[in-house]
Amino acid sequence: MPMTTAAARGEAPYGLVGHPLGHSWSPMIHESLGSAPYVLHDLGPDEVEAFLREGAWRGLNVTIPYKRLAARVADVRTPVVELLDAANTLTRDGKGRIVADNTDVFGFEWMLTRFCETSLGSSLRDALAGRKVIVLGSGGASRAVNHVLGTIAGARPVTISRTGDETYATLVERHSDAVLLVNATPVGMYPDCPATPVSERELAALPKLRGVVDVIYNPERTGLCLAAERLGIPAESGLSMLVAQAFRASELFQGRGLDDSLIGKIEGQIRSQTQNVVLIGMPGAGKSSCGRALSRLMGRPFVDIDGAIEAACGRSPAQIITEDGEDAFRSIETDATRTYGARSGLVIACGGGVVTRPENYASLHQNGTIVFLDRRIEELSTSGRPLSQSRGVEDVARERMRLYETWSDIRLECTGSAGGDARAIIEMLG
């Protein structure tokens, strides 16, 4: 997403200030809310204060690392900003004064309330009042999270930092009675995904843990959420918080109330537009041709993992397997899968053997809906496919079919044409 120009900084009434901002979906959200034009201001430390004080804006959101600066620059601070010493929303009042608010509080309360109701089966206070909650991180987002947990939910939040009395080294030892874990750090945010601030083993060592919440919204399923998912622990990342805090900020920007049904509607729109569609299946099932057709129909970029590898290496997958061996190719394939799986809004066609490396599932699942193209074995071509030729299609199928089925969110019996398969996938995606 392009950064703002100097001209746009002076002309756009609304925007987002922070660094870096390449991952932001805020312009898309505010366009739907009516607070537009809305542009990104990716500013360095030596630029931001002057822009906040002198820029020709009407409303700004502020993200890392400038939330505390925004609170200090403001002429008027809401009580919650005074309490947290962090602001993520700035407006101007009738006297031209800068007014600081913190809509992260509204956003996290919205997210957590829904999570407790839908995933834990009880109200916010019934789920958390008097119970311990681990909060990872001590920055601006953590302050908002702790405020909601302590003041609104009645929980007993414990903040974990890299230094101080409560650190990651003693998390499991001291807090095995925690019922919820919240990540309020940027660890695991695109493009450094699916990294996680705590390991799956550490989550498993918290026997009373009932849920995991991550304020990161990109990727949709963070490394932390994926680890919780593997353990059967309900988890949610921060898309609903992002939309809800933007909703409240837009109300402040426009000076009017908005229909809160917009929050769920916009959340669904973003999810449908940004999730990758990932095609898996046997070699020769038609993933590449279907992917190209699907890309045209959906108006999305198309990535063929095998094609990307050939472009990067100067050799086809078949050549790499023949000359260097399958293990060498699988390592290259895993790197490519990690790169493209972390992106958003793509149609991705995978090689037939992508499922043979378990770590590839997290890369594809974190931002994707995985579609299994199931073509009858007798219809599969072996041309240019050294593994199918050397081992036989039936042997390859015995190794992989169960994996295709367990990895996939959608299974499609191939229709006989790439266009037909693409249209069927769009129908199944809804």
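Q: What does Asn146 touch, leaving out residues up to four places away in sequence?
A: Asn146 touches Val135, Thr151, Pro157 and Thr159. Contact here means heavy atoms within 4.5 Å.

Q: Before I go on, what kind of model is this, and how are things counted?
A: This is a predicted model: local features need pLDDT of at least 70, side-chain atom pairs count only at pLDDT 80 or more, and totals for chains, interfaces and linings use all residues. Residues are numbered from 1 along each chain as its sequence is written, and side-chain values use heavy atoms, with hydrogens and water left out.

Q: OK. Where is Asn146 placed, and is it buried or exposed?
A: Asn146 is in helix α8, residues 140-152. Helices (H or I, at least four residues) and strands (E, at least two) are DSSP runs, numbered from the N terminus. Asn146 is buried, because its relative accessible area is 17%; buried means under 20%, exposed over 50%, partly exposed in between, with a 1.4 Å probe and protein chains only.

Q: How many residues of strand β7 are buried?
A: Five of five, over residues 132-136. Lys132, Ile134 and Leu136 sit on one side, Val133 and Val135 on the other, and both faces are covered.

Q: What does β7 pair with, and in which sense?
A: β7 pairs with strand β8, residues 156-160, in the parallel sense over five bridges. Pairing takes at least two DSSP bridges between two strands. As for partners, Lys132 bridges to Arg156 in β8.

Q: Switching topic: which helix holds Trp110?
A: Helix α6, residues 104-119, holds Trp110. Trp110 counts as partly exposed because its relative accessibility is 26%.

Q: And what does Trp110 touch, again skipping residues up to four places away in sequence?
A: Trp110 touches Ser240, Ala244, Asp260 and Ile263. The C-alpha atoms of Trp110 and Gln245 are separated by 8.6 Å, though the two residues are 135 apart along the chain.

Q: Zooming out, how many helices and strands does the protein have?
A: The protein has 21 helices and 16 strands. Of its 430 residues, 55% count as buried.
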